[in-house]
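Subject: Structure handover and notes on salt bridges

Dear colleague,

I am passing on the structure below, together with some notes on what was found in it. Please read the notes with the coordinates open beside them.

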Amino acid sequence: VHQRPRQIHIYFSDTGGGHRASALSLEAALKKLYGNQVSVTLVDFIRHAMPWPLSQAPETYQTLGHFPSVYKRAWDYDQDSETWCDTTSYKMMWSYCRESVLNYLEQAALELDLIISVHPLIHHVVIEALEELARGSGSQPPASRQDLCLPVVTVVTDLGSAHLSWFDPRADMLFVPSQEIYQAAIKRGVPRRKIHLCGLPLREGFWCADPVSPDQKRQLQAQLGLRPTERPEVVLLMGGGEGFGRLLDVACAIGDTLIGLGYGQLVVVCGRNEEVRKALVERRWTPRGFGEWLFEPLILGFVTNVDQYMTAADCLVTKAGPGSIAESMIKGLPCLLTAFVPGQEEGNISYVTDNGAGAYVSDQDPHLVAAKIEEWLKDPPTLERMSENARRLAQPDAALEISRRMCDSLLDLGVELEEVRSGSFGTTWRNQLL
Ligand code: UDP
């Protein structure tokens with residue numbers, strides 16, 4: 001019988017916003033399910049356990065975001081290899097960070113019960129280091145990683161396509177968000193019994209997929225500073241956490257189109273892109289409308305209640321980020337995708353379009369993006385159909401389900417809630433959240 005809380009480390013890195021978001025959602029789910037039976041610590045592993053310049057990966061990622069063709073070459077570079085461990089990139093990385101990772105884990109491993117990696121460049125080096133620690137100094141009899149009784153779990157945070165480095169057959173469990181990634185994992189040699197298809201773990205505001213009533217939606221619109229409306233007309237524009245893509249040009253094109261249309265509302269979430277937020281706040285919209293109707297866009301910086309804006313909106317215009325897409329599926333929000341990180345986010349486009357939950361129009365021509373939005377707003381039945389298709393892809397229980405499965409099989413922690421055992425998992429959370 002364990003007296004102390006089980007110590008769980010979640011390893012992520014701030015290369016983009018998605019890894020931290022998934023780590024936070026798993027932390028919230030673990031605490032919701034197990035309370036003080038678990039103690040969860042989030043670590044930017046690349047920053048804290050790897051040497052310079054690897055530790056600068058978050059900054060490098062931001063810079064690479066401005067050079068898509070370079071990023072694409074780096075992404076494609078090793079994709080033909082059998083496994084990530086066979087690649088020169090991995091071998092160089094491991095030899096360079098080995099000592100530092102061993103030092104970090106030597107201390108941590110003694111106290112830990114479970115390691116969760118939500119980043120593709122972390123689990124291999126963690127497993128490699130734990131195997132080396134298990135083997136000991138050489139004077140000991142040979143041991144295996146399992147002797148350390150410290151399981152390592154990977155949770156994939158990409159959606160429609162995943163880099164080779166996500167897959168390490170040695171990990172104890174692998175959680176994937178979609179059929180596409182499930183198949184990719186099998187192709188890369190991960191045993192089927194280790195793969196679990198549960199969805200992308202999202203924060204608590206997305207743990208409920210029940211649609212709100214039209215009245216509730218109007219109430220929420222008023223609360224957020226929008227005009228309550230009967231018809232679909234609220235366009236939400238986002239560019240991920242950093243406000244990437246041609247946000248300014250697309251916002252202007254959509255705004256001008258809505259003014260010409262004579263109705264419609266626009267919410268722009270600029271994330272951490274202050275420059276675009278300021279430019280939009282200062283923009284004079286001429287004309288601002290006709291007669292009684294005036295165009296009043298809502299221009300926001302980084303918001304923490306994206307779930308509310310998605311509930312209040314009728315469609316989403318965004319770059320193809322896995323987090324934003326999975327969130328909008330839960331809210332039944334048709335997606336117009338306008339940009340993608342080459343390689344990494346390409347599969348997210350077909351994930352949305354093949355499932356009839358949206359479309360792709362490149363932001364290279366913002367007027368085409370705006371024209372597509374006009375077409376959608378004039379055609380409520382099509383919007384409704386895409387919304388239903390989006391809901392079919394929703395996986396609101398992902399964070400809770402992943403947490404439950406890993407704790408159940410690796411830490412022998414059963415959840416005491418009756419509804420979990422009877423299979424109606426998630427309903428209590430839904431009721432609480434409504
Ligand atoms: N996001 C947020 N507030 C903002 C802008 C974005 O919470 O002001 C969230 C968004 O809801 C999503 C994440 O940031 O969960 C962005 O993840 P995504 O995978 O779409 O793109 P990334 O930023 O990782 O490239």
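Arg 98 is partly exposed, with a relative accessible area of 33%, where partly exposed is the range between buried (under 20% relative accessible area) and exposed (over 50%), computed with a 1.4 Å probe on protein chains only. Its side chain meets that of Glu 132 in a salt bridge, at 2.5 Å from N to O, a salt bridge being a side-chain nitrogen of Lys or Arg within 4 Å of a carboxyl oxygen of Asp or Glu. Because Arg 98 lies in helix α5 (residues 88-109) and Glu 132 in helix α6 (residues 123-135), the pair ties together parts that are 34 residues apart in sequence; helices here are DSSP runs of H or I with at least four residues, and strands are runs of E with at least two, numbered from the N terminus.

Before going further, please note that this is a predicted model, in which local features need pLDDT of at least 70 and side-chain atom pairs count only at pLDDT 80 or more, whereas totals for chains, interfaces and linings use all residues. Residues are numbered from 1 along each chain as its sequence is written, and side-chain values use heavy atoms, with hydrogens and water left out.

By the salt-bridge rule the count comes to 23, and a few others deserve a mention. Lys 372 and Glu 375 form one with an N to O distance of 3.3 Å; both residues lie in helix α14 (residues 366-377), three residues apart, which is about one turn of the helix. Lys 372 is partly exposed at 21% relative accessible area, and Glu 375 is likewise partly exposed at 45%. Arg 20 pairs with Asp 14, their closest N and O atoms being 2.7 Å apart, and here Arg 20 has a relative accessible area of 35% while Asp 14 has 24%.

As for the chain as a whole, the protein has 18 helices and 14 strands, and its C-alpha trace spans about 85 × 50 × 35 Å along the principal axes. Buried residues make up 54% of the 434 residues. Among contacts (heavy atoms within 4.5 Å) between residues at least 6 apart in sequence, 70% join residues at least 24 apart.

Best regards
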